[in-house]
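Morning, everyone. Please bring the structure up on your screens. I'll walk through it helix by helix.

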Amino acid sequence: MSPKDGAFWKAQQSLLTLFKRCSSTKHLKEMHGRIVQSGFHKNPLVVGKIIEFCAVSGHGDMNYAVTVFDMIHKPDAFMWNTMIRGLGKTSQPQKAIDMYRRMQGKGHVAPDNFTFSFLLKIIGGLGSVTLGKQLHCSILKLGLETHTYVRNSLMHMYGMVKDIETAHHLFEEIPNADLVAWNSIIDCHVRCRNYKEALHLFTRMLQSRTRPDDATLVVTLSACGAIGALDFGRRIHSLIQHTKLESMKLSLDHVIIGQVAVKQIVNRAKDPSGDVERE
C-alpha cells in the first residue's frame, strides 16, 4: 500500500468510526458536512453509512436519506437495498415498491436476495397478493427462488396474504428444510387458521430430527390453544421438561403468549362444547 493509499484508508476508517457514535439526525448532518469538506461525499462506503443510519438506526430521517441518495450518480446494491428497507418501515411502505421500480428502470444494479427479502416482507405487510406474485415471477426469472433466505421470505409473504397453498407448495419443494423453514410454514398455517395442519407439521419436524426453538413452541402452543388440543399441548410441555429445551430462555412476550395458549387449552378441556371466551 502506497503512502497515499494508506492515508486515504486511514481517513476513511476515521470517518466510518464516527458513525458508531452518531445518535441523532442533527449529529449526522454535522458529520455529513465534515464528510463533504474532506472530499468523501462521493465515497460509496461512507455515503452508504449515511443512508444506513437514516434507514435502520431508529434515529434517522428517511427524507434526508432520499436527499443524499438522489445525489448519487450510480448507487450500488447496498444503497438501493438500504433505501428499500428503510422506506418499507415508514408510514408509506408503498414508496419502497416505487424505489424498487426505480432500481429496475436505472438498470445499473440487479436486485439480489436481500432486495427481494426486504420487498417480500413489505408486500406481506401490505397484504397485496398481486404484488407478491409479480415479485415471485421476477425471482424465478433471476433464478433466486431456491436461495434459502428468499424461499423463506416467499413462504412468509404468502402466509401473510393468506395464500397458504402456494406457501405450502414452496415448503414441500425444499429437499432438507431447516429450522427457519419449519417455523415459517408452521406460522403460515397458524396465520391461516389451519391449526391441525400446523400441529401435523410440528410432528413432522420432530420426526425429521429438527430441534425446535422458542418461536416454534410458542406458535405451536397457540395452535393447541385455538382448537383445545390438550393432549398435544401436554406433549409439548413434556418435550420442554425432558429435553434440553428446558434450558431455553424465552422472552417475556413468548412466555405470556404461551401462558394464554395453555389457558385456552385448559378452558376447552373443562368445557367440551368449546364455547369459551378467547383471551
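First, a definition: helices (H or I, at least four residues) and strands (E, at least two) are DSSP runs, numbered from the N terminus. With that, the chain has 15 helices and zero strands. This is a predicted model: local features need pLDDT of at least 70, side-chain atom pairs count only at pLDDT 80 or more, and totals for chains, interfaces and linings use all residues. Residues are numbered from 1 along each chain as its sequence is written, and side-chain values use heavy atoms, with hydrogens and water left out.

Now the chain as a whole. Buried means under 20% relative accessible area, exposed over 50%, partly exposed in between (1.4 Å probe, protein chains only). Of the 279 residues, 43% count as buried. Contact means heavy atoms within 4.5 Å. Take the contacts between residues at least 6 apart in sequence: 58% of them join residues at least 24 apart.

Next, one residue. Where is Thr166? Thr166 sits in helix H10. Leaving out residues up to four places away in sequence, Thr166 touches Lys133 and Tyr158. Thr166 and Leu154 are twelve residues apart in sequence, and 9.2 Å apart in space, C-alpha to C-alpha.

On to helix pairs. Axes are lines fitted to C-alpha atoms, for helices over the stretch in contact, and angles run from 0 to 180 degrees between N-to-C directions. Angles under 35 degrees count as roughly parallel, over 145 as roughly antiparallel, 65 to 115 as roughly perpendicular and the rest as oblique.

Start with H3 (residues 44–56) and H4 (residues 62–70). They pack at an angle of about 160°, axes 8 Å apart. That makes H3 roughly antiparallel to H4. H3 passes H4 in a left-handed crossing: the near helix is turned anticlockwise from the far one by less than a right angle, while clockwise would be right-handed. Who makes the contact? From H3, Val47, Ile50, Ile51, Cys54 and Ala55; from H4, Met62, Tyr64, Ala65, Val68 and Phe69. For classes, Ala, Val, Leu, Ile, Met, Phe, Trp, Tyr, Cys and Pro count as nonpolar, Asp, Glu, Lys and Arg as charged, and the others, Gly among them, as polar. This contact has ten nonpolar, no polar and no charged residues.

Next pair: H5 (residues 77–88) and H7 (residues 113–126). Their axes come within 9 Å and cross at roughly 10°. So H5 is roughly parallel to H7. H5 brings Asn81, Ile84, Arg85 and Gly88, and H7 brings Phe114, Thr115, Phe118, Leu119 and Ile122.

Last stop, H11. H11 has 13 residues and reaches 18 Å from first C-alpha to last. That is close to the 18 Å expected at 1.5 Å a residue, where the expected span is 1.5 Å times one less than the number of residues. Its buried residues include Trp182, Ile185 and His189. Which helices do the buried residues of H11 pack against? They pack against H9, H10, H12 and H13.

Look at H12 (residues 195–207). The axes of H11 and H12 come within 7 Å and cross at roughly 165°. That makes H11 roughly antiparallel to H12. Contact residues include Leu179 and Ile186 of H11, and Leu201 and Phe202 of H12. The classes are ten nonpolar, two polar and two charged. After H11 comes Arg193, with a positive phi, near 65°.
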